[in-house]
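I am opening this notebook to keep track of what I look up in the structure, one topic at a time. My plan is to begin with the whole chain and then turn to single elements and residues.

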Amino acid sequence: MDKNEKLYTINDIASMLTVTTRTIHNYLKSGILTGRKIGGQWRFTESNISELLNSTSYSTPLYETVNEEITEYINKKSIDPRNKNGCEICSVIYLKKQKNEIDILLENIKNDKDRPKKYSVNLIREYDNGERIIRLIIYGDPLIIYNMMKQIDNNIENQTN
């Protein structure tokens with residue numbers, strides 16, 4: 001390992017792959033992800049991450065990670081402090097769409113001028129190429145999520161008309 005090589009944490013990799021830290025621990029346990037412990041903490045090189053992504057054992061099917069992500073959300077003990085109204089909700093949405101259609105829709109939602117910026121909303125998305133299904137897990141401020149879901153619904157309605 002090169003002294004100047006960037007090292008990644010479990011949280012870094014989970015964020016990159018849009019999976020939970022529990023999934024990363026499972027990859028470590030099964031041996032499809034390797035790394036080294038430094039000071040009792042796991043650290044990974046770009047080579048370790050590349051090996052994981054190129055492994056024939058690597059997969060994150062929709063059904064496999066959804067329970068972990070929802071469980072992690074349900075078990076959290078605090079509300080994001082950016083949600084000033086003191087309330088959060090979580091929605092899981094499955095859409096049978098092309099990935100580029102979803103990317104456009106999410107970009108439109110992100111750029112919505114009417115969406116208040118002071119509230120926190122987290123979005124996790126995962127696309128299954130084989131099934132052409134995208135799973136969106138959205139959690140945060142209820143009003144923002146409600147408006148996002150209305151935009152998704154309107155987009156679907158407009159495409160079917």
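**Entry 1: the whole chain.** I began with contacts, and among those in the chain between residues at least 6 apart in sequence, I found that 65% join residues at least 24 apart. I note here that the model is a predicted one. When I looked up the secondary structure, I found 6 helices and 5 strands, and reading from the N terminus on, I wrote their order as α-α-β-β-α-α-β-α-β-β-α. The chain has 161 residues, of which buried ones make up 34%. I also noted that the chain exposes about 10200 Å², with 48% of this supplied by carbon and sulfur atoms.

**Entry 2: helix α1.** Which residues of α1 are buried? I looked through residues 10-17, which form this helix, and listed Ile10, Ile13, Ala14 and Leu17 as buried. Looking down the axis of α1, I saw that these buried residues fall within an arc of 100°, so they line one face of the helix. I reminded myself of a general point: an α-helix has 3.6 residues a turn, so residues three or four places apart point the same way. The exposed residues Asn11 and Ser15 are carried on the face of α1 that is turned away from its buried side. I then asked what the buried residues of α1 pack against, and found α2 (21-30), β2 (41-43) and α3 (46-54). After α1 comes Thr18, and I noted that its phi is positive, near 50°.

**Entry 3: helix α2.** In α2 I listed Thr23, Ile24, Tyr27 and Leu28 as buried. Seen down the axis of α2, these residues fall within an arc of 145°, so here too I could write that the buried residues line one face of the helix. On the face of α2 turned away from its buried side I found the exposed residues Lys29 and Ser30. The residue that follows α2 is Gly31, whose phi is positive, near 90°.

**Entry 4: helix α3.** For α3 I wrote down Asn48, Ile49 and Leu52 as the buried residues. They fall within an arc of 95° when seen down the axis of α3, so they line one face of this helix. I looked up their packing partners as well, and the buried residues of α3 pack against α1, α2 and β2.

**Entry 5: aromatic rings.** How many aromatic pairs does a search of the whole structure find? My search gave 1 aromatic pair. It is formed by Trp42 and Phe44, and I recorded it as stacked, with 6.1 Å centre to centre and 10° between the planes.

**Entry 6: cysteines.** I looked for disulfides and found 0 in the structure. Cys87 is partly exposed, with a relative accessible area of 33%, and Cys90 also counts as partly exposed, at 28% relative accessibility.

**Entry 7: Ser91.** Is Ser91 buried or exposed? I placed this residue in strand β3, which covers residues 89-95. Buried means under 20% relative accessible area, and Ser91 has 12% relative accessibility, so I counted it as buried. Leaving out residues up to four places away in sequence, I found that Ser91 touches Leu136, Ile137, Ile138, Ile145 and Met149.

Entry 8: I found Lys99 in helix α5, residues 99-110, and wrote it down as partly exposed, with a relative accessible area of 39%. Lys99 and Arg132 are 33 residues apart along the chain, and their C-alpha atoms are separated by 7.6 Å. Asn155 has its place in helix α6, residues 142-160, and at 22% relative accessibility it counts as partly exposed. From Asn155 to Glu101 I noted 54 residues in sequence and 9.9 Å in space, C-alpha to C-alpha.

Notes
Residues numbered from 1 in each chain as written. Predicted model: local features only at pLDDT ≥ 70, side-chain atom pairs only at ≥ 80, totals over all residues. Heavy atoms only, no water. Buried < 20%, exposed > 50% of the residue type's maximum accessible area, 1.4 Å probe, protein only. Helix = DSSP H or I, 4+ residues; strand = E, 2+ residues; numbered from the N terminus. Arc of directions from axis to C-beta. Contact = heavy atoms within 4.5 Å. Phe/Tyr/Trp six-rings, centres within 6.5 Å; stacked < 30°, edge-to-face > 60°. Disulfide = S-S within 2.5 Å. Areas by Shrake-Rupley, 256 points an atom, 1.4 Å probe, with all protein chains shown as cover.
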